Amino acid sequence: MITHDLVILGTGPAGMAAATTALEYGITPVVIDEQPAAGGQIYRALESTPVRDRRILGEDYWSGESLIKGLKDPQIDYRPATTVWQLTRQREIGLLHDDKAEMICARHIILATGAMERPMPIPGWTLPGVMTAGSGQILLKSAGAVPQAPVVLAGCGPLLLLLATQYLRAGVEIAAILDTTPRNRYRAALKHTPGALRNASTLLKGVGLLRELRRAGVRHIKGVSALRAEGSGQLERVLWKQQGDDNWQTLETPTLLLHQGVIPNTQITRAVDCHHEWDEQQLSWRPRLDEWLSTDIPGIAVAGDGGGIVGAKAAAMQGQLAGLGAALALDKLTLANSTERAQPIRKALARDTAIRPFLDVLYRPAKQWRLPDDDTLACRCEEVTGGEIRRMAEMGCRGPNQTKSFTRCGMGPCQGRMCGITVSELLADANQQSVEETGYYRLRPPFKPITLGQLAKAAEEG
Amino acid sequence: MSRRVVVVGAGFHGCSAALRLSNQGYEVTVIDKAYAGRHASGVNAGGVRRLGRHPAEIPLAIAAWERWQNMTSIVGDDCGFRPVGQIKVAENNNDMAILNERERQVQNLGYHHEKLINRDELRKRLPALAGHCPGGLACDGDGFANPYRTVTAWRREAERQGACFREGIEITDIEPKGNGWRLSGGEEHFDADLLVNCAGAWSGELCKWLGEPVPLTAEAPMLMITERLSPFLGTVVGATSRPLSFKQFENGTVLIGGGVCGVVDIARHVAETRLGGLAENADTVVSLFPFMKEARIMRTWAGVEAVMQDHIPVIGLSSQHDNVIHAFGFSAHGYQLGPITGEIVADLAMEREPKLPITPFSIQRFQTPCPE
């Protein structure tokens with residue numbers, strides 16, 4: 001097994017910045033990415049997108065060009081289209097590329113595996129025609145494809161508004177935006193505006209998106225308190241209620257895009273059993289990290305949204321910080337030197353993330369959007385409903401590893417990525433205990449499915 | 001008369017002991033450092049197998065098999081037991097000779113549950129098997145069950161009979177107190193007239209404290225499970241000279257195991273899988289069932305098992321103390337025996353001659369110098 005100094009997983013802003021920073025200090029990193037092209041989710045398909053009208057995806061998207069250029073330095077061993085299916089605490093990494101499984105080892109690892117969308121398990125969320133705003137954006141960026149119009153967007157959070165404006169600019173008909181942000185949230189978020197003003201440009205961008213949508217006359221329905229998708233075999237209509245009104249309202253639509261923010265993708269940090277904590281402000285799990293973004297496992301660090309949601313710009317700064325951390329760990333820099341170089345980055349990071357409390361409070365999804373009702377699926381792979389999880393709690397299941405054994409919840413092809421947070425929160429709620437006490441799935445490799453044939457081949461090649 | 005019993009370890013054997021002792025009116029407390037069925041008992045391959053047992057284990061396995069038939073009447077749940085049979089497959093003529101010899105040996109002991117089958121019969125029973133296999137050894141009536149469900153059913157029944165389960169308490173000290181023991185863990189103390197050691201991979205530590213060390217190692221047999229496939233396999237399949245255990249569940253997923261081991265991290269109380277071993281196992285599967293090449297693996301894991309030097313368990317009274325009973329070290333094949341452990345422990349507690357022959361499992365075997 002070959003041992004490399006530094007292996008970085010992921011080529012979003014954090015991964016790319018970590019790679020170029022490490023290179024500055026004489027480390028030649030291996031950068032692994034599952035996607036065929038660099039950029040992560042935020043800069044996905046930047047080099048190949050058919051959407052050449054730069055106005056549609058916006059300047060933030062195109063700002064990823066310089067990071068991608070940095071990643072292409074010939075000294076960086078960049079391996080696209082490579083899946084990581086295993087990582088051990090001894091820092092052995094199982095890779096899969098072109099049908100070939102391989103194991104490599106690293107002295108230092110930076111996980112830059114980013115965020116995933118928070119599931120939004122409303123009644124009917126599994127109907128064909130219902131998808132997430134994130135997947136809608138992937139289609140747009142990578143293939144220039146848009147779903148069948150008119151579309152309805154529902155939920156909350158910056159990405160929902162961004163996608164709406166991108167659709168608007170691309171000429172997609174938007175039937176409505178159903179905003180689930182509770183009305184009192186605007187007032188609650190107000191007290192965090194001083195912090196938000198430290199990152200005024202992001203705040204202004206948000207205001208700009210809202211203005212653009214309003215000017216275009218997009219129907220923006222606020223204070224949505226209940227939501228369901230209906231149709232026989234596929235989505236036909238969306239129904240909702242507004243706060244203070246007990247009547248259902250209806251819109252016929254072939255496409256519903258759901259979104260209620262993003263959460264750290266902790267699949268890999270969980271699988272190696274890093275210490276995780278429940279972040280009550282962001283309502284999500286995150287690995288515990290030190291000042292160099294290292295986990296409690298020696299030689300494994302996390303940069304970017306995977307360690308707690310910070311956004312693309314801050315993720316890149318964290319990538320720089322983790323790159324310095326790698327240089328320190330690999331004896332390329334002294335502690336004094338790396339501390340000195342980290343200082344301006346930490347300062348900029350503090351400024352940029354000052355807007356987080358404001359966003360976290362404003363777009364904090366209410367309980368009814370996080371806990372599916374008894375008839376709604378929590379686990380899509382194994383088709384386990386919210387009701388079944390509640391029954392398991394009544395039977396005495398305190399944590400998700402017990403419900404897993406009884407219901408197979410979380411044991412399907414997505415490996416519990418989609419239902420993990422929902423099941424932890426459901427059990428915590430039903431057992432009236434904290435999410436922290438309830439815990440999370442013990443995750444098992446492979447992180448992504450690998451075939452027996454691919455694995456067997458690895459045996460032959462030793 | 002000793003009435004208060006503390007069972008250390010809430011695996012299948014601990015739950016079985018708790019149930020049978022409660023049945024007899026003992027006041028039973030089961031203590032587990034994690035939760036019931038956390039390790040070997042909850043995450044094993046679920047094989048219910050008499051096939052290929054060590055000669056000393058055969059009478060126990062046969063008695064246990066009878067309990068498996070009546071599981072619902074014992075604990076109110078069939079524990080997912082499916083008597084689909086088990087077959088050990090020969091991959092070549094050398095394997096066939098080994099199986100032939102095994103059949104003869106078992107029959108000489110007076111048992112007839114293991115039967116040699118020829119190529120045609122093998123083909124009939126396992127149409128998906130690769131053509132090169134010349135035969136196998138079959139045990140009809142064996143099968144598989146659901147491990148975690150089993151532990152839970154036994155634990156529940158023990159609780160209904162009055163046993164008390166204390167989870168998340170790690171015993172850190174044992175000292176004699178009066179005619180019994182005082183166990184301490186966390187901030188708590190537990191007094192017992194009788195101590196039952198069912199602590200699995202952590203039993204060796206207890207034995208050390210009790211002054212009778214045993215050659216026990218913690219091992220971590222690995223398992224992997226595939227995505228759902230169309231039904232192609234009814235019977236549980238093993239190989240003769242390579243580690244393999246292979247079964248398809250009703251939901252279509254295929255479980256692959258057989259004893260290739262991962263890495264135990266005893267300090268963190270967990271086990272990790274090892275690529276090399278998994279790859280070896282995958283290779284065996286693909287050579288026996290070529291079409292499985294395309295099957296995707298969904299999960300791999302390893303459970304922590306107590307393995308004795310001679311690969312058979314310790315069941316019986318302590319050699320040092322008359323108020324300690326051991327039942328541990330089932331060496332990665334204890335699941336099937338779970339139902340009878342409690343009966344033996346109850347017999348010993350009541351100072352009755354156990355109905356099953358347990359002399360070969362005495363802890364004293366490690367204290368007598370070997371003739372060699």
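Select B:Val7 and B:Val196 in this predicted model: B:Val196, in strand S12 of chain B, is the bridge partner of B:Val7. Now extend the selection to the two strands. S1(B) and S12(B), the latter covering residues 194-197, run parallel and are joined by four bridges.

Next, keep S1(B) in view and colour its residues, 4-8. Is this strand mostly covered or mostly open? Four of its five residues are buried, so with a threshold of 20 or more other C-beta atoms within 10 Å the strand counts as mostly covered.

S1(B) has a further parallel neighbour to select, strand S2 of chain B at residues 27-32, and five bridges join the two. To find one of these pairings, display B:Arg4 together with its bridge partner in S2(B), B:Glu27.

Move on within chain B to residues 171-177 and 188-192, which are strands S9 and S11. These are the edge strands of a sheet, each pairing on one side only. The sheet is open, consists of three strands in the order S9-S10-S11, and has antiparallel pairing. From one strand to the next, the twist averages 20 degrees. As background, strands of a sheet pair through backbone hydrogen bonds, either parallel or antiparallel.

Now display both chains and turn to the place where they touch. How many residues does each chain give to the contact? Chain A contributes 19 residues and chain B contributes 23. On the chain A side, the elements that give two or more residues are strand S22 (450-451) and helix H19 (452-460). H19(A) supplies the largest share of that side, six residues. By residue class, the chain A side divides into twelve nonpolar, six polar and one charged.

Strand pairing also crosses from one chain to the other. Select S22(A) with S20(B), residues 296-302: the two pair in the antiparallel sense over two bridges. Here A:Ile450 stands opposite B:Ile297 of S20(B).

To finish, select residues 382-456 of chain A, where an unreviewed UniProt entry places the feature "domain: SoxA A3". Over this stretch the chain is 52% helix and 5% strand. The C-alpha atoms at its ends are 27 Å apart.

Notes: Residues are numbered from 1 along each chain as its sequence is written. Chains are lettered from A and ligands numbered from 1 in the order in which they are written. This is a predicted model: local features need pLDDT of at least 70, side-chain atom pairs count only at pLDDT 80 or more; totals for chains, interfaces and linings use all residues. Two residues are in contact if their C-beta atoms, placed from the backbone, lie within 7 Å. Ala, Val, Leu, Ile, Met, Phe, Trp, Tyr, Cys and Pro count as nonpolar, Asp, Glu, Lys and Arg as charged, and the others, Gly among them, as polar. Two strands pair if DSSP finds at least two bridges between them. Axes are lines fitted to C-alpha atoms, for helices over the stretch in contact, and angles run from 0 to 180 degrees between N-to-C directions. UniProt positions are given in the numbering used here, feature names are shortened, and annotations may be inferred rather than shown by experiment. A residue is buried if 20 or more other C-beta atoms lie within 10 Å of its own, exposed if 12 or fewer, and partly exposed in between; C-beta atoms are placed from the backbone.
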